[in-house]
Amino acid sequence: MGIREEHRVRMLRDIQRAALDLVEEQGLEATTVGDIAVRVGVSERTVFRYYPSKEHALVPGQQGLIDALVSSESAHHTPSGILDDLLAVCRKLFSHEVEQRDFRRISRLLVQEPDMLRVVTRQERSLVEALSSALVHRGVLGTLQSLLVAEIVTACWRVAWQSFARDEVDGMDSDPVALFDQTVRELGQFFPST
């Protein structure tokens, strides 16, 4: 990794951690981009260079999830095959999130800070819209099937994350990736093979 890339990664991490610290201390509404900039020791403009909003700084993985799922190509041409491929991409990203981000802090905030849930919900709507649109554009699935696949992928991500967040707040030691796998297995039980 070059010097510029190291600086970019460090700045992304510093901004996210400052945003998390401030929201934990004073809440989402009271936290401003200016507060985040002061905490990091940079200008507001610099914060915006790395994140489009304070909300994106708090949950940066959501945009990466959107980008990865939208750009993912499936070798399958059936809704179930495409869904399986997208869930595999989602699982890989979920695992990466757990390793690379302040996953536990974000999870606790999702349960403790009601405004955070609204932030994530808006980002999830963006995911559903972008993914369903990309699937329709590829011409393999119709509009309704594309929307259903996008909603199911998003629901699996959300349920696994929320399950982990509840366990975390309750003081339970759980494996977020195992919860994702369990979510997908549980979903499969709703639609048994015929």
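**Exercise 1.** Find how close Arg39 and Glu25 come, and which helices they join.

*Solution.* Step 1: Arg39 and Glu25 form a salt bridge, with their closest N and O atoms 2.9 Å apart (a salt bridge needs a side-chain nitrogen of Lys or Arg within 4 Å of a carboxyl oxygen of Asp or Glu). Step 2: Arg39 sits in helix α2 and Glu25 in helix α1, so the pair ties together parts 14 residues apart in sequence. Helices here are DSSP runs (H or I, at least four residues), numbered from the N terminus.

A note on the model: it is predicted, so local features need pLDDT of at least 70 and side-chain atom pairs pLDDT 80 or more, while totals for chains, interfaces and linings use all residues. Residues are numbered from 1 along each chain as its sequence is written, and side-chain values use heavy atoms, without hydrogens and water.

**Exercise 2.** Decide whether Arg39 and Glu25 are buried, partly exposed or exposed.

*Solution.* Step 1: recall the cut-offs: buried is under 20% relative accessible area, exposed over 50%, partly exposed in between (1.4 Å probe, protein chains only). Step 2: Arg39, at 39%, is partly exposed. Step 3: Glu25, at 53%, is exposed.

Notes:
Helices (H or I, at least four residues) and strands (E, at least two) are DSSP runs, numbered from the N terminus.
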